[in-house]
Amino acid sequence: MPGGDQPVRLALGLALAVVAAAALRASPPEAPWFPAPVPAGLPAVPVPADNPLTPDKVALGEKLFFEQALSADGKIHCGSCHHPDRYFTDGAALSTGIGGQLGEHNAGSVVNAAYAGHLLWDGRSLSLEDQALYPVTHPREMNNTQEKVVAALGANPAYPPLFARAFGDAGITWPRVAQALASFERTILSGDSPFDRYMAGETAALSTVARNGLEIFRGKAGCVRCHTHTPESPFFSDFAFHNTGVGWADGPDLGRYHVTKEREDKGAFRTPSLRNVAKTAPYMHDGKLATLQEVVAFYGKGGGANPFLDERIQPLALTPTEVAELIAFLESLTGDITYRRSGSPVASEVQPDRASQGGKP
């Protein structure tokens, strides 16, 4: 009879649907590409949907990171202020830019920058793609323009093929430059510190002194109130903005206020991550504190007095022994850096000396 094969077709369609569903369960969608496993202690790296990571894009971004044509005089590149062998800082209070000019703020590390919701000390940039423009156009840093960068790269015969591999055609535009730089920076990660191994159950990874420092960090010193650590955000930073009084007496830099124009943001700066803090001196947005001892002493006296001082900043009464223990804990946050070269891991020059950081309890 007409339509007599309809039940057969329905049954066949149902069977195929069941088979397809089973196949999906058995073969989950392939995870997005990443150069290597994320270091222990870190969550998955967030990657924007409109700028997925690819090996060719990361390789291009690395080349651009060390490209002097990004600066107006052809002498400065991103790596000038963010040295791989200095945990991607430069060891200076203020970096030297074009024409020998000093920058406005200390050059923070770009390690683990992929996880930050705000970038730069005042948080004016909300993504790595956006942040790339700031140093390139800042008059004291690279003092260049998007148009001149694009023209300089286009005049270099090495770049069109690299852009073609990374983006599908040889067109060179500023958004593509920013996407490539951001992609490379997302692969600059650091974890697997003695602290991470201790939290994973390796008790001997932290010395007794460092474990005492951890308790002081969490308790008496109250550092954890701003330098938070959670499984979701294990960076020892709330990534928020606080006025600690740093540099206020020298003629206040209003920091976050320049972005929000909110009175309560005067003199507030982003809480930096404490990962690798023992290797990234000098400290604070003005680079005025040369050692961790100076940093602890600054907070010990209750920060720098000013009308907008964060209420979390209170004088501490730490003994010399407690100061030493706290610093030992901070030193335990030094981790391995996985620096990727064109999508392939290479040995870093800044691997920590685990023997000197761990020890038996």
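The legends below accompany close-up views of a predicted model.

**View 1. The largest nonpolar core and the elements that supply it.** This core has 44 residues, of which Leu60, Leu64, Leu70, Leu153, Phe163 and Leu181 touch the most other members. Helix 2 (55-65), helix 6 (146-154), helix 7 (159-167), helix 8 (174-185) and strand 4 (336-341) each contribute at least two residues to the core, and helix 8 gives the most, with seven residues. Apart from this core lies another, made up of 22 residues, including Phe236, Val295, Leu318 and Leu326.

**View 2. The surroundings of Leu70.** When residues up to four places away in sequence are not counted, Leu70 touches Leu64, Cys78, Val136, Met142, Asn144, Val149 and Leu181.

**View 3. The packing of helix 2 and helix 8.** The axes of the two helices are 7 Å apart and meet at an angle of about 100°, and helix 2 and helix 8 are therefore roughly perpendicular to each other. From helix 2, the residues Lys57, Val58, Leu60, Gly61, Glu62, Leu64 and Phe65 take part, and they meet Val177, Gln179, Ala180, Leu181, Ser183, Phe184 and Glu185 in helix 8. Sorted by class, this contact has eight nonpolar, three polar and three charged residues.

**View 4. The buried residues of helix 7.** Tyr159, Phe163, Ala166 and Phe167 are buried in helix 7, and they cover an arc of only 75° around the axis, which puts them on the same side of the helix. Helix 2, helix 6 and helix 8 are among what covers these buried residues. After helix 7 comes Gly168, whose phi is positive, near 100°.

Key: Residues are numbered from 1 along each chain as its sequence is written. This is a predicted model: local features need pLDDT of at least 70, side-chain atom pairs count only at pLDDT 80 or more; totals for chains, interfaces and linings use all residues. Side-chain values use heavy atoms; hydrogens and water are left out. A nonpolar core is a set of buried Ala, Val, Leu, Ile, Met, Phe, Trp, Tyr and Cys residues joined through side-chain atoms within 4.5 Å. Buried means under 20% relative accessible area, exposed over 50%, partly exposed in between (1.4 Å probe, protein chains only). Helices (H or I, at least four residues) and strands (E, at least two) are DSSP runs, numbered from the N terminus. Contact means heavy atoms within 4.5 Å. Axes are lines fitted to C-alpha atoms, for helices over the stretch in contact, and angles run from 0 to 180 degrees between N-to-C directions. Angles under 35 degrees count as roughly parallel, over 145 as roughly antiparallel, 65 to 115 as roughly perpendicular and the rest as oblique. Ala, Val, Leu, Ile, Met, Phe, Trp, Tyr, Cys and Pro count as nonpolar, Asp, Glu, Lys and Arg as charged, and the others, Gly among them, as polar. The arc is that of the directions from the helix axis to the C-beta atoms.
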